[in-house]
Amino acid sequence: MSEEQTALEKVKAFVASYPGADVLADLAIDYADRIPDTAGLFPSGLVEVRRVPDVLGNVTVVNQYNFALYTVMSKAPGDDAGATLNAEWVQAFQEWVQEQSVLGLAPTFGDDPRQERITAQNGAIYSADAEGVAVYAIQISVTFTKRFEKKGW
Amino acid sequence: MADLTFNTTAEQTIAREMLLMCLNTGTSSSPTWSPLGKRTTDSSMELDWSEETSTDILGETRTTARKPIKKQTFDPLPLDSADAAAVSVWNKAIHDNDPQALCNMDILIVHLYAGTVSTPFAERYTSSSVLPTNLGGEGGGDLGMPMAVTPGGERVTGTASKNATTGVITFTPDSE
């Protein structure tokens with residue numbers, strides 16, 4: 001990951017690097033077509049979790065980027081085998097994100113990589129129609145730390 | 001001697017960072033003042049006045065006090081290679097195990113809110129103790145070395161200034 005990438009580009013590239021994830025290879029941003037084997041990444045902005053000043057006036061800020069990943073898959077009504085495959089894919093993706101984060105293999109966003117965390121959680125079916133298309137939603141969160149050094153005294 | 005005035009805006013409280021404690025990480029004759037407390041979120045200078053209060057047989061209460069023993073703890077103090085003060089203390093405490101050095105540290109306390117903005121009141125203590133209380137931390141967390149500082153030795157008052165370009169802090173005793 002190059003330093004010049006934006007946070008969105010980093011997350012997009014990271015998600016797309018999931019092995020065995022052709023569905024994620026060409027992620028759309030803020031858009032998900034109802035065509036199987038496509039996906040969309042929906043950023044929902046930055047949340048400031050905590051702001052901690054030290055006695056010298058420097059400030060440590062803990063931030064969180066949140067994203068929703070929508071993956072579109074085939075699932076005919078009553079197709080239990082297909083639904084199982086999809087659900088297992090969603091679970092496996094979440095476990096892969098966790099592993100990458102714990103092992104320090106995920107991209108970094110702040111000033112203290114050791115404190116960073118990427119999670120993919122609450123993966124579940126979002127909608128399914130009679131035409132055999134199902135949409136699964138996964139919440140992705142990136143928690144990172146920024147340091148602001150006080151200028152002047 | 002007239003009272004020093006505060007240089008901060010009236011009717012406003014004073015920011016915590018206006019009280020600064022620095023450790024001399026240079027030499028006695030050519031000090032390098034390095035601020036203490038990077039990433040420490042709460043640290044206060046405790047003042048022990050050795051106060052004694054008694055009531056005499058006439059019912060009058062009197063209190064005696066001595067010049068205060070000051071003590072300030074920095075906890076937590078996560079280690080950071082860019083924190084010159086912490087690196088200096090680590091070397092004397094952990095690497096050298098040198099209690100004599102740790103009890104003869106050169107400390108500068110700068111009261112940025114008192115005196116003038118460019119030359120605030122400062123006090124230097126050349127034989128201070130700076131003693132780490134532990135080295136470690138929880139798994140997955142930061143390696144910390146909290147420490148307690150007791151300013152000691154001769155107290156020299158004066159003013160401090162900081163070079164706007166280099167950031168170098170200079171202490172000027174009142175006698176100069």
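Me: What percentage of the 176 residues of chain B count as buried?

Reply: A residue is buried if 20 or more other C-beta atoms, placed from the backbone, lie within 10 Å of its own. In chain B, 27% of the 176 residues count as buried. This is a predicted model: local features need pLDDT of at least 70, side-chain atom pairs count only at pLDDT 80 or more, and totals for chains, interfaces and linings use all residues. Residues are numbered from 1 along each chain as its sequence is written, while chains are lettered from A in the order in which they are written.

Me: How many helices and strands does chain B have?

Reply: Helices (H or I, at least four residues) and strands (E, at least two) are DSSP runs, numbered from the N terminus. Chain B has two helices and eleven strands. From the N terminus, the order is β-β-β-β-β-β-α-α-β-β-β-β-β.

Me: Which residues of α1(B) are buried?

Reply: They are B:Ala85, B:Ala86, B:Val89 and B:Lys92. They sit on the same side of α1(B), because they cover an arc of only 135 degrees around the axis. The arc is that of the directions from the helix axis to the C-beta atoms. Their cover includes β1, β2, α2, β8 and β9 of chain B.

Me: How many residues of chain B are in contact with chain A?

Reply: Two residues are in contact if their C-beta atoms, placed from the backbone, lie within 7 Å. Here 13 residues of chain B are in contact with nine residues of chain A.

Methods: A residue is buried if 20 or more other C-beta atoms lie within 10 Å of its own, exposed if 12 or fewer, and partly exposed in between; C-beta atoms are placed from the backbone.
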